[in-house]
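Let's take a friendly walk through one model, with the sequence and coordinates open beside the text.

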Amino acid sequence: MASQDWVNKDFYATLGVSKDASEADIKKSYRKMARKYHPDTNPGDDAAEKKFKDITEANAVLSDPEEREQYDAIRAMGSGARFTSGGAGGPAGGGAGFDDVFGNLFNSGGGGRRSGGFPGGGQVPPEFADLFGGGGFGGFQQAPQKGADRTASTTISFAGSIRGTSIGLREPDGEVIDVRIPAGIRDGQSVRVRGKGQRSPAGNGDLLVKVSVKPHAFFAREGNNIRIHLPVGFAEAALGTTLEVPTLTGETVKMKVPAGTSSGRTLRLKGRGVKTSKATGDLLVTLEVVVPQKLNAEAQEAVKAFAAATSDANPRAEIAAKAVL
């Protein structure tokens, strides 16, 4: 749409809403009027069709926050600006269009173009001075920018990532920045330290510290869950037992192992994983049945007796059927 159209058209009046109407009010009014003036509802009615086009145009502008902001600024500019001829005997006044206003701002008036400006000796009216950095015709003033962010990296222990810790990062000038590492942080995540970035009059940037976590010999993290591999004896797995399981807190908890448990089965202990401000994981216990490497004579006889008692059990009975291509 041409800018001059925006100066001349009152979209708020078209939709029957006030200038401070909310998005919801604009949407509600548009839907109501669209149903009333829709061409399908008013076949052959040229006036209704024009009205429908007008409200559709108004809604397209006012329902878009950026378009609405530009429209309001241009409307204010159009009502506040006046064109003044620079030639002798020319017209003394009259409404200036959008192109006239901006042509006067950025052109000296030479080369046969009309010259003119805003009231008050060519100064930008205060109601939209923010559009031009608050200055006159001499140029734009850029707002001060916040300082840039900086980055750093550190490595912490597995225990520090679980419980939380604090570290000190030393600046080249000797200043030490204290960095608090929250409990439950993951390997590769970053911690933001406010105001420790590049300095600026408009506000300092931040320091982003990327954290690497050393692996643990026993505990392995999977999201907020912790997995451990726990050895169990053949008899324990076959007959069932109750085991003492180590946890992240250093204490042990009892866990029941059902009879007939196979190697590789995973049991879950709820709420024994990583605790963060948002969630708590579980402890995943994967059981590994350990086969004795050496048996004394008595143990060998016992195993032989067990094998004879279970000779009708074939753990590979279904393999042949599954292995068919």
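Gly168 has Asp178, in β3, as its bridge partner. The two strands involved, β2 (residues 165-170) and β3 (residues 176-181), run antiparallel and are joined by 6 bridges; strands count as paired if DSSP finds at least two bridges between them. Between the strands of this hairpin lie 5 residues, and Gly174 takes a positive phi near 100°.

A word on the source: this is a predicted model, where local features need pLDDT of at least 70 and side-chain atom pairs count only at pLDDT 80 or more, while totals for chains, interfaces and linings use all residues. Residues are numbered from 1 along each chain as its sequence is written, and side-chain values use heavy atoms, with hydrogens and water left out.

β4 pairs with β5 (residues 207-213) in the antiparallel sense, over 4 bridges. Here Ser190 has Lys210, in β5, as its bridge partner.

## Helix α4

Now for a helix (a DSSP run of H or I, at least four residues; strands are runs of E, at least two). α4 covers residues 46-62, 17 residues in total, and reaches 24 Å from its first C-alpha to its last, close to the 24 Å expected at 1.5 Å a residue. That expected span is 1.5 Å times one less than the number of residues.

At the N-terminal end, Asp45 caps α4, with a side-chain oxygen 3.1 Å from the backbone nitrogen of Ala47.

Methods: Polar contact = N/O pair within 3.5 Å; in protein donor to acceptor, adjacent residues only side chain to side chain.
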